[in-house]
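My notes follow the order in which I checked them.

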Amino acid sequence: MRPDSILSESLLSPVTTLALIETWLDRLLPPVDASPEPLHRAMRYAVFSGGKRLRPQLLLQVAQACGIEQHEHELELALRAACAVELVHIASLVHDDLPCFDDAATRRGRPTVHVLFGEAMAVLVGDALLAHGVEVLTSVPRALEKRALRLVRLLVAATGSRSGLIGGQGLEQVAAHSSAGTEAWCSPELIERYHGMKTGVLFGMAAEAAAVAAGSTKTAAWAAVGQLFGRCYQLAHDLTGVRGRAAAAQKLAAAGAGLGPPNAVLSRGEQAVLTEMESVLAELRKRATALAANPTTLLAFVAGLHDNLLHGADSPATPAS
């Protein structure tokens, strides 16, 4: 499968980059008429649900900043990595929405997967998307097999239980069933670990994967940039979450109830979070400028980050969205 002829142009614009991601997700997912049809139909329903695709967009922007657009096969590897990251992210949302977790009836204004297709099918959809995220990285040109293997390792680590996304979901369950109740989230160290595993890890992996795909020797430095991006996302998510739930928060506080997973605004205040967000953004710009072969489009992408996040992260319901 060859990359689109417009690939180099597409990396310059978030609008066309988003369209390119949608095209490749459509290509890489099983068609709805492939057996078992109900599972593949549900997978596609979960994937094409109107998300912002921030993680794959970040990956492609970092890839462009590393000069990848001059190399066709590396571009395809980056696109596959972008889709893999998004598939893992969506898998986590499908599982988060289940009755045994958040019991969410809607996401982005539509019925959640388990509401429409049943709980058993929703579990299978999440599992299938996790597996497919790895699978899309296994069909690459022979010359890039070593890089693809590195990407698989990065994806598995970012997904896993020790320091990855599933581990973050596990921390939620530990806190939810703790005898201390919401006080289980009082430790700043635990909160930072939770946010890093549930949110930051996929952004860090996306940036590092872009550098690997591009053949950069500065993969660890790019991973740090991705983690800063993820930190901005988390802070903005906490801000929008609290603002959107102000009335509900007041009722819960009056009743002495908790607000679920930790929120930086509730623990430190809105102004402190806004100040930290500006500081993280400044550091992100500084590091990206120092690393990028051509930082122009990445900086433009980062410049739109503040408004993009503060006007609605994928879902105010969960930090991973």
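The entries below go from the whole chain to single residues.

**Ground rules.** I am working on a predicted model, where local features need pLDDT of at least 70, side-chain atom pairs count only at pLDDT 80 or more, and totals for chains, interfaces and linings use all residues. Residues are numbered from 1 along each chain as its sequence is written, and side-chain values use heavy atoms, with hydrogens and water left out.

**Whole chain.** I noted 16 helices and 2 strands in the protein chain. Helices (H or I, at least four residues) and strands (E, at least two) are DSSP runs numbered from the N terminus. Of the 321 residues, 53% count as buried; buried means under 20% relative accessible area, exposed over 50%, and partly exposed in between, with a 1.4 Å probe and protein chains only. I then looked at contacts, meaning heavy atoms within 4.5 Å. Among those between residues at least 6 apart in sequence, 72% join residues at least 24 apart.

**Core.** Which residues have the most contacts inside the largest nonpolar core? I found L59, V125, L129 and W222, in a core of 89 residues. Helix 5 supplies the largest share of this core, 14 residues. Such a core is a set of buried Ala, Val, Leu, Ile, Met, Phe, Trp, Tyr and Cys residues joined through side-chain atoms within 4.5 Å. In soluble globular proteins, nonpolar side chains tend to be buried together. I also listed the contacts of W222, not counting residues up to four places away in sequence: among them are V62, C66, A207, E208, S216, L291 and L298.

**Helix 3 on helix 7.** The two pack at an angle of about 75 degrees, with their axes 9 Å apart. Axes are lines fitted to C-alpha atoms, for helices over the stretch in contact, and angles run from 0 to 180 degrees between N-to-C directions. Helix 3 is therefore roughly perpendicular to helix 7; angles under 35 degrees count as roughly parallel, over 145 as roughly antiparallel, 65 to 115 as roughly perpendicular and the rest as oblique. From helix 3, P38, L39, A42, M43, A46 and V47 meet M121, L124, V125, A128 and L129 of helix 7. By class, this contact has 11 nonpolar, no polar and no charged residues. Ala, Val, Leu, Ile, Met, Phe, Trp, Tyr, Cys and Pro count as nonpolar, Asp, Glu, Lys and Arg as charged, and the others, Gly among them, as polar.

**Helix 2 on helix 5.** I get an angle of about 80 degrees here, with axes 10 Å apart, so helix 2 and helix 5 are roughly perpendicular to each other. L20, I21, W24, L25 and L28 in helix 2 meet E76, L79, R80, C83, E86 and L87 in helix 5. The contact has 8 nonpolar, no polar and 3 charged residues.

Most residues other than glycine have a negative phi, and most peptide bonds are trans. I flagged a cis peptide bond joining S35 and P36, with omega about 0 degrees; P36 is in the loop between helix 2 and helix 3. R53, not a glycine, has a positive phi of about 60 degrees. R53 sits in the loop between helix 3 and helix 4 (54–65). Is R53 buried or exposed? I have R53 as buried, at 2% relative accessibility. R108 also has a positive phi, near 55 degrees, and lies in the loop between strand 1 (106–107) and strand 2 (110–111). R108 counts as partly exposed, at 25%.

**Helix 11.** I looked up L235 in helix 11 (residues 219–244) and found L235 buried, with a relative accessible area of 0%. Leaving aside neighbours within four places in sequence, L235 is in contact with A264, R268, V273, E276 and M277. L235 and H195 are 40 residues apart in sequence and 9.8 Å apart in space, C-alpha to C-alpha. G241 is in helix 11 too and is buried at 2%. G241 and N263 are 22 residues apart in sequence, with 8.5 Å from C-alpha to C-alpha.
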